[in-house]
Amino acid sequence: MSQETIKLKIKRQDNPRSKSYWQEFEIPYQPLSNVISCLQDIQKSPVAANDLGVDPVIWDCSCLEEVCGSCTMLINGRVRQACTALVDQIEKPIVLEPMSKFPVIRDLMVDRNRMFRALKKVKAWVDIDGSQDLGEGPIMSDHIRATRYTLSECMTCGCCLEACPQYTKDNSFLGAAAFSQVRLFNLHPTGAMNADERLEEVMGKGGIADCGNAQACVEACPKNIPLTDSIADISRQTSLKLLKDLLLK
Amino acid sequence: MAKINQDQAHFYLLKINSLLGLVPIGVFLAFHLGINSLRTVGPLQYQWSIDLINNMPFLFGIEVVFIYLPLLLHSLMGFYIYFSGKRNVVHYGYPRNWLYTLQRITGVLIFGFLIYHLGTTVVPKLFYGKHQFLAAPFLMDVMNAEFQTWTGRIIYLIGISAATFHFANGLWGFCVSWGIIIGRNAQRNASVVFAMVGLVLTVLGFATVLEFSLDPVPVTPTVGG
């Protein structure tokens with residue numbers, strides 16, 4: 001027998017400064033639906049379970065195929081993407097909350113700017129040619145290409161940081177995603193020319209040494225990126241730089 | 001030498017903190033538990049080891065530089081680390097996250113235990129001036145008395161297990177934080193090896209507690225007294 005309705009319990013917040021509150025919704029069950037389609041159903045008729053017409057629930061989404069990261073939220077207490085959370089596979093009633101490590105804009109929509117600031121800080125890019133053409137870059141081995149491909153799958157969704165006990169709203173920890181990007185660009189033959197600059201950015205407050213090795217990041221990562229390998233690898237690169245700076249400079 | 005800014009100081013302190021847990025604190029813990037387990041061989045063997053230590057030149061200086069100051073810095077940094085994170089095993093109960101949480105909890109436990117341990121041994125030893133050959137009978141009397149009650153035994157069993165766990169897990173953390181072990185397999189293999197190290201040290205500690213509890217023998221000073 002199929003379920004007639006789906007119950008959702010959603011943590012809501014009207015604006016970045018207001019207090020959060022819970023609301024329950026009940027929508028018709030549809031086979032093969034996901035959390036996003038549930039939210040769309042609520043949007044069609046935003047009526048809370050206590051029969052009050054309410055403002056529709058706000059959420060963020062874009063690609064709907066788990067490559068953009070924008071629909072990341074807490075579903076039944078755990079962080080994941082709403083688009084790949086299939087209603088048939090998750091516990092009901094479905095409890096939805098915004099991520100707790102980022103400022104809430106409204107309802108389930110959060111501001112992940114801190115992650116993008118971290119990418120800028122660690123210079124997560126390969127510098128392009130300056131005033132003159134520098135020609136072709138060095139050749140990359142296939143082994144490095146394969147490693148880099150896995151790392152490049154990071155979509156800055158924030159799952160690793162939401163699950164990280166060391167990443168809190170009131171500290172400046174850069175977090176696993178940024179460290180993994182340092183590894184990605186230090187592995188690139190041209191990017192490696194700025195390796196030291198990237199390492200310097202993670203050798204301070206909120207940097208790689210703040211990592212407590214709880215390894216929750218790698219468990220939470222929806223793209224199965226070997227984040228803890230990246231953290232240990234950046235730990236090695238920074239340790240070697242530390243020793244070089246102390247002994248050779 | 002170039003001036004160190006606040007950012008670099010933060011990084012160096014955390015790196016040094018990780019290293020301190022291994023050298024000298026971890027090495028001291030291993031020696032301490034190892035030498036104490038001589039008590040299971042016999043009271044005299046144990047007494048000789050205490051005599052040897054308490055007749056070392058510059059003993060107090062060595063203790064301060066290689067034990068008390070590193071422990072103080074490690075404790076201060078530990079509390080800073082404790083409050084810099086927010087434990088979340090309730091929602092993300094992965095094994096490593098449990099170890100992360102336990103590492104912090106045992107750190108706090110050990111801090112409390114060390115205040116008790118120093119307060120009942122080193123502080124009265126210095127206060128009553130029990131130096132050189134007088135130290136062993138005094139300290140062994142203290143230990144014999146401690147292990148007469150279950151309260152004393154339990155305090156030590158908890159203190160020893162907390163310390164050996166913190167050291168074994170900290171060895172793993174040191175190896176990852178300094179980038180000595182990187183890959184997932186290497187990390188798993190290392191954790192097995194370090195768990196064995198922790199287990200051996202725990203057995204040494206527990207055997208010593210057992211021996212003291214079963215056979216409280218008072219001794220007289222080896223020389224003089």
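Visitor: Which strands does helix α1 of chain A lie across?

Guide: Keep in mind that this is a predicted model. Helix α1 of chain A, residues 35–44, lies across β1 (5–13), β2, β3 and β5 of chain A. Against β2(A), the helix runs at about 90°.

Visitor: What holds strands like that together?

Guide: Here's the general idea: strands of a sheet pair through backbone hydrogen bonds, either parallel or antiparallel. In chain A, five strands form an open sheet in the order β2-β1-β5-β3-β4, and the pairing is mixed.

Visitor: Which are the edge strands?

Guide: An edge strand pairs on one side only, and here those are β2 (20–28) and β4 (78–81) of chain A.

Visitor: How many bridges join β3(A) to β5(A)?

Guide: Two bridges, and the strands, residues 72–75 and 94–97 of chain A, run antiparallel.

Visitor: Where do the side chains of a strand point?

Guide: In a regular strand the side chains alternate between the two faces of the sheet.

Visitor: OK, let's zoom out. What is chain A made of?

Guide: Chain A has eight helices and seven strands. Its C-alpha atoms fill a box of roughly 70 × 35 × 35 Å, taken along the principal axes. Of its 249 residues, 41% count as buried.

Visitor: How is chain A divided into domains?

Guide: Domain 1 covers 5–110 and domain 2 covers 113–248. Taken over C-alpha atoms, the centres of these two domains of chain A are 31 Å apart. Their contact takes 12 residues from domain 1 and 13 residues from domain 2. On the domain 1 side, the largest share comes from β4(A), with three residues. By class, that side has five nonpolar, four polar and three charged residues.

Visitor: What about the contact between the chains?

Guide: Chain A gives 29 residues and chain B gives 27 residues. On the chain A side, α7 (216–220) and α8 (227–248) each supply at least two residues. The most comes from α8(A), with eight residues. The chain A side has 10 nonpolar, 12 polar and seven charged residues.

Visitor: Now chain B. Why does the distance between the end C-alpha atoms of helix α4 agree with its number of residues?

Guide: Count 1.5 Å a residue. Helix α4 of chain B, residues 95–120, has 26 residues, so it should span 38 Å. Its end C-alpha atoms are 36 Å apart, which agrees.

Visitor: Which residues of α4(B) are buried?

Guide: For this you count neighbours: a residue is buried if 20 or more other C-beta atoms lie within 10 Å of its own. In α4(B), the buried residues include B:L99, B:Y100 and B:I110, and also B:R96 and B:R104.

Visitor: What do the buried residues of α4(B) pack against?

Guide: Within chain B, they pack against α3 (59–84) and α7 (150–177). From the other chain, α7 of chain A joins in.

Conventions:
Residues numbered from 1 in each chain as written. Chains lettered and ligands numbered in written order. Predicted model: local features only at pLDDT ≥ 70, side-chain atom pairs only at ≥ 80, totals over all residues. Contact = placed C-beta atoms within 7 Å. Helix = DSSP H or I, 4+ residues; strand = E, 2+ residues; numbered from the N terminus. Nonpolar A, V, L, I, M, F, W, Y, C, P; charged D, E, K, R; others polar. Pairing = 2+ DSSP bridges. Axes fitted to C-alpha atoms, helices over the stretch in contact; angles between N-to-C directions. Domains from an automatic or database assignment. Expected span 1.5 Å × (residues − 1). Buried ≥ 20, exposed ≤ 12 C-beta atoms within 10 Å, placed from the backbone.
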